[in-house]
Amino acid sequence: MKKVLKGNEALAYAAKLARPGVVAAYPITPSTTFPEKISEFVANGELDAEFIPVESEHSAMSACIGAAATGVRTVTATASQGLALMHEVLFIASGMRLPIVLAIGNRALSAPINIWCDHQDTISQRDTGWLQFYAESNQEALDLMLIAFKVAEDKRVLLPAMVGIDAFVLTHTMEPVDVPEQGEVDDFLGEYRPEHAYLDPERPITQGSFGYPEHYMEFKYGQWLAMEKAKRVIDEVFEEFARRFGRKYSKISTFGVEDADVVLITMGSMSGTAKEAIRKMREDGLKVGLIKLTVYRPFPKEEMVEAVKNAKVVCVLDRNVSFGFGGAVYGELAAVLNNLPERPKVYDFIIGLGGRDVTRDDIRTVAEMGLKAANGESIPEINWVNVDKEAVEKSEGVMR
Amino acid sequence: MKEITKGAIIYEPQNTYTYLTGGWRTFRPVINYEKCIRCYICWTYCPEPAIFKRKPAGEPVPNERVAEKDVVYIDYDHCKGCGICVAECPVKAIEFVKEEK
């Protein structure tokens, strides 16, 4: 059924359709309307779940871990500082192999306090062992959320998953969304019936056990293998989702990369803007293509290599930054390409932090820089887009 | 080959018992059965637990009232020497002796 939904509502509808047994959540802008909607579903009897309003995000994730360890489907949501507060328990969820699904309203981190979009919050949780999906639209938000449950709970994977949607650009923006029927989702997801982690007095087990040096590394290698296997499982689930619901996803989507001199890489909502900008540039005869990265963990290395192999230059638009290095996707792509005999040059563009709009003009600026590099001109490896550098240099001072 | 499970789940109940922690001990609690009144406070408080009960087998007893009661004994393979039993014993029947060789 078509509904007009905000991004958080789309995520909440997906969560409801998954029929979770427990939702433990703590509100934080811009994610708040997710737990609001869930509590509304529970209160009016549309969702038969235990809704636990906790006192912090750390508690939210801890309660989800406890619930998931009993063998029940569990979901929560957060953003920014809330996700940062969950940090240490995120490792526990993945280490205990509990397929919790976490909806994120991607938001900048303080200081200065800022409630608007960038990807710093989830990128900072990159190494916690969670699958990471990024949506471009509210329809993708709903679909990827359902897909996240299916992949996370697959017996070959059993890893938690987070689905990120851009703060306000998606969380609070209304779009028409095709909401599947309950029966269709039941058929797609099935019941969560884990074989490894559940509570049964007839089968006493220890979860959250001690791991001595002679075993710890094997458990970590197990998580590594699960993440590697997830690559194929994600493809299978995307296929099945397309068969059942008619919408086809892939870890990366490409747009005119085959003959492009310059390929841009984006995540989240700016991908739509980038497509528009590239359409116009193509009309102007500029050979620019796009890769939209939907799955960031596991990092789709093989697909990335394939998609950029014909390009002269790759420009990564990173809505995050690792101070003292550069953007995360830039660094990872450069690493993935490193051992190829021939490879495109890779440049980084830090863009859209703290809710600064990413416009078509910004995208064009990036692409034109890339085209310069493709023509042999020298450009900086790390570029900050649309920043008043003069003002910052006046305040910070510059060493020359 | 090591036994590895998903999520480090242990499916064998009580297997912590196979891990011996007695080597952590600096002081060894030693029960003086001539003072012990079989109140089982040490048995209650031992966090390990490394204090167990068994039927009396000829140990000296302080009086006839406790002669038939279970005696407590310390499992030195698991006692970490925390001294809680020593502190809690109401009749000071547990000595804390430095482990020396």
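Reader: How do helix α3 and helix α4 of chain A pack, at what angle and how far apart?
Author: This is a predicted model. In it, α3(A), residues 57-69, packs against α4(A), residues 80-95, at an angle of about 25°. Their axes are 7 Å apart.

Reader: Roughly parallel or roughly antiparallel?
Author: Roughly parallel, because the angle is under 35 degrees.

Reader: And is the crossing left-handed or right-handed?
Author: Right-handed, as α3(A) passes α4(A).

Reader: Which residues of α3(A) and α4(A) make the contact?
Author: From α3(A) come A:Glu57, A:His58, A:Met61, A:Ser62 and A:Ile65. The α4(A) side includes A:Leu85, A:Met86, A:Val89 and A:Ile92.

Reader: What classes are they?
Author: Eight are nonpolar, three polar and one charged.

Reader: Zooming out. How many helices and strands does chain A have?
Author: Chain A has 13 helices and 15 strands. Its radius of gyration is 21 Å, close to the 21 Å from the globule rule for 400 residues, so chain A is as compact as a globular protein of that length.

Reader: What does the C-alpha trace span?
Author: About 70 × 55 × 45 Å along the principal axes of chain A.

Reader: How much of chain A is buried?
Author: 50% of its 400 residues count as buried.

Reader: What about contacts between residues 24 or more positions apart?
Author: They account for 81% of the contacts in chain A with a separation of 6 or more.

How values were computed:
Residues are numbered from 1 along each chain as its sequence is written. Chains are lettered from A and ligands numbered from 1 in the order in which they are written. This is a predicted model: local features need pLDDT of at least 70, side-chain atom pairs count only at pLDDT 80 or more; totals for chains, interfaces and linings use all residues. Axes are lines fitted to C-alpha atoms, for helices over the stretch in contact, and angles run from 0 to 180 degrees between N-to-C directions. Helices (H or I, at least four residues) and strands (E, at least two) are DSSP runs, numbered from the N terminus. Angles under 35 degrees count as roughly parallel, over 145 as roughly antiparallel, 65 to 115 as roughly perpendicular and the rest as oblique. A crossing is left-handed if the near helix is turned anticlockwise from the far one by less than a right angle, and right-handed if clockwise. Two residues are in contact if their C-beta atoms, placed from the backbone, lie within 7 Å. Ala, Val, Leu, Ile, Met, Phe, Trp, Tyr, Cys and Pro count as nonpolar, Asp, Glu, Lys and Arg as charged, and the others, Gly among them, as polar. The radius of gyration is taken over C-alpha atoms; the globule rule is 2.2 Å times the number of residues to the power 0.38. A residue is buried if 20 or more other C-beta atoms lie within 10 Å of its own, exposed if 12 or fewer, and partly exposed in between; C-beta atoms are placed from the backbone.
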